[in-house]
Amino acid sequence: MDQTTQTTLDEFIAVVQDTAELAVSIAKIETSKAEAASEKKHHYLDSYIQTEQAMLLKLRGLEQKRTHLAEALGWKGLTFRQILANASPEDREKLLPSFNQLEESLKGLETSRKASEQILNVRLHELQVAIARREGGSYDDAGNVNLNSPYRSKMKDRYV
């Protein structure tokens, strides 16, 4: 392997590692959002969301860089598994720990995201119930807005 290809491979591995670390950071923000929502500390959510948006922009940049480097290495459009299958044994040995780290980080992010989404949906539902009651509407036993509720028509008009 020539020096240019080795440098590109090293950069590719660094980008994969940076992506894994960023996924861990985003997962922590998701966990913080979930905790703030579950503890009804909604004033923290805006800050968490802004931080998360900045991290997502950085993630997009890393993904673009990874795609560019993969193309330079002849791996355009390949999945990580396909890259490992096509890589030389010594390159595979270098790549595997980073790919495993990324996989674990993404699993943790998915778990955090699902928990955060579930808690935020519960809090949103609680707010919808409170607003519906305040405006004279109601919810049935399944949690659906009463069809006669003035709140239902406002939600549909504004958000759908």
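Leu124, Leu127 and Ile131 make a nonpolar surface patch of about 240 Å². Patches here are made of residues with over 30% relative accessible area and no salt bridge, with like charges joined within 9 Å and nonpolar side chains (Val, Leu, Ile, Met, Phe, Trp, Tyr) within 5 Å. This is a predicted model, in which local features need pLDDT of at least 70 and side-chain atom pairs count only at pLDDT 80 or more, while totals for chains, interfaces and linings use all residues. Residues are numbered from 1 along each chain as its sequence is written, and side-chain values use heavy atoms, with hydrogens and water left out.

**Overall architecture**

- The protein has five helices and zero strands, where helices (H or I, at least four residues) and strands (E, at least two) are DSSP runs numbered from the N terminus.
- Read from the N terminus, the order of elements is α-α-α-α-α.
- Of the 160 residues in the protein, 31% are buried; buried means under 20% relative accessible area, exposed over 50%, and partly exposed in between (1.4 Å probe, protein chains only).
- Among contacts (heavy atoms within 4.5 Å) with a separation of 6 or more, 59% are between residues 24 or more positions apart.

**Surface**

- The protein exposes about 10,600 Å², and carbon and sulfur atoms supply 51% of this area.
- Accessible areas come from the Shrake-Rupley method with a 1.4 Å probe, and for residues only the protein chains shown count as cover.
- Leu127, one of the patch residues, is found in helix H4 and is partly exposed at a relative accessible area of 46%.
- Lys40 lies in the loop between H1 and H2 and is exposed, with a relative accessible area of 53%.
- The phi angle of Lys40 is near 55°, a positive value in a residue other than glycine.

**Nonpolar core**

- The largest nonpolar core holds 24 residues, of which Leu9, Phe12, Trp75, Ile83, Leu95 and Phe99 touch the most other members.
- Two or more residues of this core come from each of helix H1 (3–38), helix H2 (45–72), helix H3 (80–86) and helix H4 (89–134).
- H1 gives the most to the core, with 11 residues.
- A nonpolar core is defined as a set of buried Ala, Val, Leu, Ile, Met, Phe, Trp, Tyr and Cys residues joined through side-chain atoms within 4.5 Å.
- In soluble globular proteins, nonpolar side chains tend to be buried together.
- Leaving aside neighbours within four places in sequence, Leu9 is in contact with Met1, Leu73, Trp75, Asp91, Lys94 and Leu95.

- Asp91 lies in helix H4 and counts as buried at 8% relative accessibility.
- Beyond its neighbours within four places in sequence, Asp91 is in contact with Met1 and Leu9.
- Asp91 and Gln6 are 85 residues apart along the chain, and their C-alpha atoms are separated by 9.4 Å.
- Glu30 is found in helix H1 and is buried, with a relative accessible area of 7%.
- Setting aside neighbours within four places in sequence, Glu30 is in contact with Glu52, Leu109, Ser112, Arg113 and Ser116.

**Salt bridges**

- The structure holds nine salt bridges, each being a side-chain nitrogen of Lys or Arg within 4 Å of a carboxyl oxygen of Asp or Glu.
- Lys33 forms a salt bridge with Glu30, with the closest N and O atoms 3.4 Å apart.
- Lys33 and Glu30 are three residues apart in helix H1, and therefore separated by about one helical turn.
- Lys33 is buried, with a relative accessible area of 8%.
- Glu63 forms a salt bridge with Arg66, and the closest N and O atoms are 2.6 Å apart.
- Both Glu63 and Arg66 lie in helix H2, three residues or about one turn of the helix apart.
- Glu63 is partly exposed at 38% relative accessibility, whereas Arg66 counts as buried at 14%.
- Arg123 forms a salt bridge with Glu126, the closest N and O atoms being 2.6 Å apart.
- In helix H4, Arg123 and Glu126 are three residues apart, so about one helical turn separates them.
- Arg123 is buried, with a relative accessible area of 15%, whereas Glu126 counts as partly exposed at 35% relative accessibility.
- A network of salt bridges links Glu110, Arg113, Lys114 and Glu117.
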